[in-house]
Amino acid sequence: MSKRKSKETSSATEECISQVQRIFRERFCHQCPSGKLFGLELQYKHLLELLKRTTIHGESNSALIIGPRGSGKTMLLNHVLKELMEIKQVRENLLQVHLNGLLQTNDKIALKEITRQLQMENVVGDKVFGSFAENLSFLLEALKKGDRENSCPVLFILDEFDLFVHHKNQTLLYNLFDISQSAQTPVTIIGLTCRQDILELLEKRVKSRFSHRQIYLMNSFDFKQYLKIFKEQLYLPAEFSDKTFTQKWNKNVQSLSEDKTVQDVLRNHFHCSKDLRSLHMLLMLALSSITVSHPFMTGADLLEASKLCRMDSKANIVHGLSVLEICLIIAMKHLNDVYEGEPFNFQMVYNEFQKFIQRKAHSMYNFEKPVVMKAFEHLLQLELIKPVDGPSVRAQREYQLMKLLLDNSQIMDALQVYPNCPTDVKQWATSSLSWL
Amino acid sequence: MPNFEHPEYPEATLLHLESMVPCRESQVSSLLSVFGKRQHFSFPSIFIYGHTSSGKTYVIQTVLETLELPHLFVNCIECFTSRLLLEEILTQLQNLSSEKKHGSRVPCDTFNDFVRLFKQETITQDLQNQTVYIVLDKAEQLREMEANVLPGFLRLQEFTDRNVTVIFLSEIVWELFRPNTGCLEPFTLYFPDYSIGHLQKILSHYHPPEYSADFYAAYINILLGVFYTVCRDLKELRHLAALNFTKYCEPVVRGEASERDTRRLWKNIESHLKKAMQTVYLREISSSQWEKIQQDDGEPGHLKGLSAHAHVELPYYSKFLLIAAYLASYNPARTDKRFFLKHHGKIKKTNFLKKHEKTSNHLLGPKPFPLDRLLAILYSIVDNKVAPTANIFSQITSLVTLQLLTLVGHDDQLDGPKYKCTVSLDFIRAIARTVNFDIIKYLYDFL
C-alpha cells in the first residue's frame, strides 16, 4: 500500500510543485487581481451601480468605503474596476487617479501626482497658480478640451483617506468634494479608510459637500463560512496544467477541512482575528513547507504555522536575558507588588537586589554596582523598561524614574521556561511580600 | 549532506552556507522556504527580531550573498533621516541592476518620488523579475522618522507592484513598532538566543592555530563560567576571550604548567578575569591599556579607570562645601535643627523617627536646596569662623563646573540659586574621611 502511494506521490514533479508555489504565493502574498471575494455581494453591487452611474450617465458622486484592516476594501474596488473596464465605453473614456495617504503626505505633492496621473504635465508646464482650486479647475478644464465637448469622467480613488484629513485646512478634500458637487465634469471620489469615526474628522465645510454615502465592510462571516473560505482559498484552479495532481490536491484540501485538529487550529485563529489577511499569512506559512518530497499539506503543517504566528515575542526576549538581568526584573516585580505599580529608579532596584544577595542568595555572586548598572541599561535598550517622562538631561541616571513593560504573569511564565535558572532565584520570584 | 534542501540552489552552495552559519540552521531553513524560488513572490515584509548579537545581521547578509540574491543593505542608524534612507536605497539599487553605471546620488525627497523612481529602476533586464530584498538593519530607528515611512515600507510590494520584499532587523519586539491605526502585518521571525552550549561551540571556533582546540575549549569554559551570568552577548564575550587569552597561556609559555594542568591555569586566570569584569567589561579602561598591564607584570596593581578620574583633589573649604551640599540634599529641611544646632530642645521621638523605607532619600535621589541653607550648614560644620567672601562663592561655582553640584531651575535672580548635590555616598565618605568628618552621624537616613 505504501509503495503504491509513494509511486503516486512521486508523480508530483519539480515543475508541478514550482507552479503550485507560484500560484499560491501570488494569491496570498501579492493579492493577485483574480482573487475571490467572500460575502461582499451587496457592497459589490452598490459600488458597481455607483461607478456605472458616473461613467455611463455622467453623474458626479462621492462615497467612503469603511472597514477594518484586511477586510477587503482595496480588493473590492479592484474587482469592481475590472468589471467596469470590460464595458467598451468606460474603457475608452474613464480617467483614473489613484492617490494614497501614505505617499502623498501634503496637498502640493498630491496635486503634482494628480497632474502626473492625468498626464497633464506638458499642459501645465511652468504655470504658477494662485490657489489650489485654480490649479485643479485648470486641470479639469484642460481635460474637457480633449477631443469632445462631453468631458471624460474622472475617478479619484483616495486610499488611506484618514491621512488626507490631517493635511492643512483639508484643501485637497474640500476642492475635490466641491467639484463633485458643482457638476462641471463628472467626477467620482471614492475614499477607503479603516477608521470608523472618519466623519468626525472632516471639517464642517468638507462634510457638507460629501454625499455621506458609506459602504461598510465588516468581516461579517461566522466560523462555518470561515471554513468554507479556507477551503476555497486552498483549491487549485481548474486551469492548472497537471490535472491528476489538481484532483489529488483538492481532495486533500477537502479532507483537511474535515480534520479535527485543523478545525481547532482554525477556530483558535478565528477567535483571535477574523480578517482574511491573517488567514493568508497562516496558509502561506503552511504552504512554504511544500516540496517534492512533501507535496500535500498536512494538519501538522498548519499546527506549526499557527504556533509560529502566535508566539509571545516578549517571552522570547526574556528567555534570552542573562541571570543578572532576570534578577533585576524580579526585583522590579517585587517593587511593583509592594508599591502597587509606582515608578521606580535604578537605586531602588539595586537596593532590592542587594537585599536578595545578602539574605537569600547562594549561587549569585555580589556584583559591583557598575556591572549591575550595565545590565540595567541593557534592559533599557531592549525596551523592557521605559523612562516615565522621556529622556531628561537633568536627572542622574541612577535616579531616573522608570516603569516595567512586563506584567507578573509574563514574568512567571518566562521563568518557568528559562534555561538553567538557579533555584534560589526562582524561589525569590515566587516569594510573597512579607518574606522580609 | 546538507541540512538545507532547496531545488533552486546547487548543493555545493548550500553546504558552504551551512558551514558559515553554525547553530542557526533552523532559522536559515525557514528563511529559505519562505523566500522560495527566485521569481516567486514572498511576503511583502519580514520582521526578524532577537537579542543583541544573536546573529541576525550576519546570517541575513551571509544567506543573501552566498545565494547571490539581488539585495540592498541599509543601516537605519547611518541613514537616520528619511531622505538619507531613500537616497541610499536608490543608489544601491542603481549599482544592483548594472555593473557599469555607478551613477551619482539620486535626489529623493519624499516617499512618493521614491516609489516612482523605484518602479523605474526595477524594470531592467538584469533583474528578470527576481525578488529584490531590501534589508533595513536597526529598524527601530524607523519609528523616529516621519510617520509614513514605516507603513510605507511594509506595503512597498503593493505600492510599486514589483517583486520586492523588505526585511526589518531589530532587537525590539514588533508590538512596540505597530502604528496606531494598524498596518500591513509583516511575517515575524524570531532568532533565539544562543544557549551556553552554542556559545561554547561558536567561541571555540576562533582558536589561534598554535594551541590545540581542547586547550582553547577549556579556556572558553572558564571564561563562560565567570561571565555567563552577567552577559550573554556574543560580541562582548569574543572581545573578552581575545583579550585574556595571552594571560591564560602564560603558565604554559613560562613552562610552569602543561596544557592539561587545569587547576593551576584556573588559579592564574581567575582573579584576572574578575578584575576584567570591573574594568574592561565596563569600558573603564581601553583594551590597549589592559594589554599593556598584562605585559608589564603579573599583578594588575592599581588600575586607574575612567570613573577614578572623578576623584579630584579639592581645596579645604571646597570639601566642606561639598559635604554641606550633600547633607542639604539628602536631609529633609526640618531635621537641620536637630543636627546642626547646639541646643535643639526636646523633640518628640515618635514623629521624628517615623520614616518609611521608600522615602529614604538615598533611594529617591538628591533634593534641591537654596544657597542660604548651604551656607548655614557650612558655618555650623566648619570649626573656625568662615567669612562669606567671594572666595567661598567662587568655590561653589567651580564645584558646579566640575559637575559635583548642579544648578537647578532658572537663572532667576529673585529667588536665588538652587543647587543639587550629585555625588555618590562612597565618594562623599572618602572626602569626609580626608577631613576627619563623620558624615554618617549627620545623615538622617542612617539614624
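Is B:E68 buried or exposed? B:E68 is exposed, at a relative accessible area of 61%; exposed means over 50%, buried under 20% and partly exposed in between, with a 1.4 Å probe and protein chains only.

Before going on, some ground rules. This is a predicted model, where local features need pLDDT of at least 70, side-chain atom pairs count only at pLDDT 80 or more, and totals for chains, interfaces and linings use all residues. Residues are numbered from 1 along each chain as its sequence is written, chains are lettered from A and ligands numbered from 1 in the order in which they are written, and side-chain values use heavy atoms, with hydrogens and water left out.

Back to B:E68. Its phi is near 55°, which is positive, and the residue is not a glycine. Most residues other than glycine have a negative phi. B:E68 sits in the loop between α3 (56–66) and β2 (71–75) of chain B. Helices here are DSSP runs of H or I with at least four residues, strands are runs of E with at least two, and both are numbered from the N terminus.

Now the contact between the chains. With contact meaning heavy atoms within 4.5 Å, 68 residues of chain B and 59 residues of chain A take part. The buried area is about 5,700 Å², and carbon and sulfur atoms give 56% of that. Buried area is the accessible area (1.4 Å probe) that two parts lose on being put together, summed over both.

There are three salt bridges between chain B and chain A, a salt bridge being a side-chain nitrogen of Lys or Arg within 4 Å of a carboxyl oxygen of Asp or Glu. One of them joins B:R155 to A:E160, at 3.9 Å from N to O. On the chain B side, α5(B) gives the most, with five residues.

Last, the cysteines. How many disulfides does the whole structure hold? Zero, over all chains, where a disulfide is a pair of cysteine sulfur atoms within 2.5 Å. The sulfur of A:C272 has its closest cysteine sulfur in A:C309, 10.0 Å away, so the two are too far apart for a bond. A:C272 is exposed at 57% relative accessible area, while A:C309 is partly exposed at 27%.
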